[in-house]
Each structure stands twice: as structure tokens, then as C-alpha cells.
Amino acid sequence: MTGVPQTGRTLTEEQTVAIADDLLRAATTGGTIDLISPRHPRMTVEDAYAVQRVWRQRREDQGGTVVGHKIGLTSKAMQDATGITEPDYGVIFADQVIRSGERVRHDRWSNVRVEVELAFVLKHDLAGVAGEDAIGAADVIAATDYVVPALEILDAHVQLKGRTIVDTISDNAALGAMVLGGEDLRFAPDARDLRWIGAQCFVNDQITETGVSGGVLGDPALSAAWLVNRIAGHGDGLRAGDTILAGSFTRPVWAEVGDHFRVEYQDLGAVEVSFE
């Protein structure tokens, strides 16, 4: 991914729409498409977000409702591994929200993996700005109704081997679904140190990953603030009731048919999902 241009636009509108439509067809059929980046070697990060916006508009035209955003590439280790110096984001639709304890069809997604995260649910609208007046972690905390443990189910519609950041962003940052913890797991954003929430991920009762929330840009609230400021540059903002999925603090864990995931969040409780 090193060397991918991050500013400006190089794709034509026809190319942008064609990529978005290819991705939408892949999502509809549960398939994947060939890598985008080799076909468009000059494609930039801004081109990729333009593809994502077309994809989003297609889904909204079909009746989909955006209920929040996800953030990816939030850990320093992942950024170093990919050569990318900032996170990326995607949008969350209402039909991508799953409650803890549900059984879900594995074939609903492609390249299915699970990540461990915290979600911020807003009580106020939140709009970002660039430069010295940018939104900070304190602004996110003030606008947040509650924080709740969550899982992200990844769904990659671009082949995995050789992906670059433009492939991932175009593919809505590989979001498949968000599994939200129950009401008993919710807590006020200022009730805990958001940097020090530990988690253990069990698959079929075997521990597979552990992590601490500070792995997300040092503080998940900083990750959420990055999102608010970044989407402002694309003419977007967040509304009361929206959810921010702040980024994983474990490596993604592959999910297979029959797997049961249970992630225990310190003394808060557990989030669970089963694949069938």
C-alpha cells in the first residue's frame, strides 16, 4: 500500500460509478470482484471515497437507512503493516445491525472475520471541521449518550490478496455487520477510562485473541473524533442516535460455519454471535 496517492481525483465519473456498481452486485450475490487497484493504478484515496459514496447512494435509493459509521486501520501496528498513515471509514446501514446472541447465516457475507470494538451512540448531532478547530475526544464524549461493547463482522467483496487502501475504502471499509451488546453492557462515556477496557475473544470456548481498547489510536474517543473531522471533508456529519464503531483492538478472527463467538469485556459482560 505504500505509495498510494491520498489526495485529488483521477477517476472519471463513469469509472467511479462502474466500480461502485460492481461492488454492489458482489454484495448482492455474496461474491467478490478482482482487485480494483491494479486496474486503476493512479486511483487515490479520494477516488475510493467517491466510489463508496456512489455505493452508499445506491443502497439509499433501494430504501437503506444509514445509522452510523465504522472506522478501520486504527492501530499503529496495522498502519505500519499497510504503509497508511491514517484510518479509513465506511457507513453502517440499519440492516447491518445485529443484537448480541443472534444466530446469523455465514453465507450472508464473504471472507467472514470478526473484530472486537467499542461503539459510541450519540445523543447530539456532531459535525467536524478541519484545522485548529477540529473536533476532539472531549467533544465526542460530550455528544455521546452511551458506549457499548460491540463486534464487527467483516465482509470483503474485493479479493483479499494484494488489496490496497483504495480497494478497502471502495468496499465500504469491508463492513458486513455490527453486533451490539445488550442494554446491560452500556455505560456513560465518562464513567470509565476508555483507554483501559480489556477484552478476551473466545471461539467455540477457546480463547483466540485478547486486547485492550487503547490499541485504537491510544483512545477510542480520539478515533471517533478523527471520523467526525474526516467525514466533514466529504460534506457529511453525524446525527443524534447514530453509532460510531470505533475500531478493533484485536486482530480479525476468521469465522466458519458453526462457530460461536463470545467476547468478554472486562467486568462489563459479553457480546456473542453464532454462525450457521
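## Briefing: loops, strands and core of a predicted model

Leu73 sits in the loop that links β1 to α3 (76-82). Before going further, please keep in mind that this is a predicted model.

- As a reminder for reading both pairs, strands of a sheet pair through backbone hydrogen bonds, either parallel or antiparallel.

**His69, a buried residue in β1**

- His69 belongs to strand β1, and its relative accessible area of 1% makes it buried.
- Which residues does His69 touch, once neighbours within four places in sequence are set aside? Its contacts include Tyr89, Gly90, Val91 and Ile92, and also Thr243, Ile244 and Leu245.
- Phe93 is 24 residues from His69 along the chain, and the C-alpha atoms of the two are 8.6 Å apart.

**The five-strand sheet**

- Five strands make up an open sheet with mixed pairing, in the order β4-β13-β12-β8-β9. Its edges are β4 (103-104) and β9 (206-212), each of which pairs on one side only.
- Strand β8 (residues 198-203) lies antiparallel to strand β12 (residues 260-265), with five bridges between them. In this pairing Phe202 has Arg262 of β12 as its bridge partner.
- β8 is also joined to β9 by six bridges, again in the antiparallel sense, and Val203 is opposite Gln206 of β9.
- β8 and β9 form a hairpin with two residues between the strands, and Asn204 in this turn has a positive phi of about 55 degrees.

**How α1 meets α2**

- Helix α1 (residues 13-29) and helix α2 (residues 45-61) have axes that come within 8 Å and cross at roughly 55 degrees. That angle makes α1 oblique to α2.
- What is the hand of the crossing of α1 and α2? The crossing is right-handed.
- On the α1 side, the residues that meet α2 are Glu13, Thr16, Val17, Ile19, Ala20, Asp21, Leu23 and Leu24. Their counterparts in α2 are Ala50, Val51, Val54, Trp55, Arg58 and Arg59.

**Loop residues to look at**

- Leu35 is in the loop between α1 and α2 and is buried, at 12% relative accessibility.
- Where Leu35 and Gly162 are concerned, 127 residues separate them in sequence, yet their C-alpha atoms are 7.5 Å apart in space.
- Besides Gly162, Leu35 touches Val158, Gln159, Lys161, Arg163 and Asp167, with residues up to four places away in sequence left out.
- Asn111 is in the loop between β4 and β5 (113-122). Although Asn111 is not a glycine, its phi is positive at about 50 degrees.
- Is Asn111 buried or partly exposed? Asn111 is partly exposed, with a relative accessible area of 25%.

**The nonpolar core**

- The largest nonpolar core holds 83 residues. The residues with the most contacts inside this core are Leu151, Phe261, Tyr265 and Phe275.
- With neighbours within four places in sequence set aside, Leu151 contacts Val114, Glu115 and Val116, and also Ala177, Met178 and Val179. Val263, Tyr265, Val271 and Val273 are in contact with Leu151 as well.

Methods
Residues numbered from 1 in each chain as written. Predicted model: local features only at pLDDT ≥ 70, side-chain atom pairs only at ≥ 80, totals over all residues. Heavy atoms only, no water. Core = buried A, V, L, I, M, F, W, Y, C linked by side-chain atoms within 4.5 Å. Buried < 20%, exposed > 50% of the residue type's maximum accessible area, 1.4 Å probe, protein only. Contact = heavy atoms within 4.5 Å. Pairing = 2+ DSSP bridges. Helix = DSSP H or I, 4+ residues; strand = E, 2+ residues; numbered from the N terminus. Axes fitted to C-alpha atoms, helices over the stretch in contact; angles between N-to-C directions. Parallel < 35°, antiparallel > 145°, perpendicular 65-115°, else oblique. Left-handed = near helix turned anticlockwise from the far one by under 90°.
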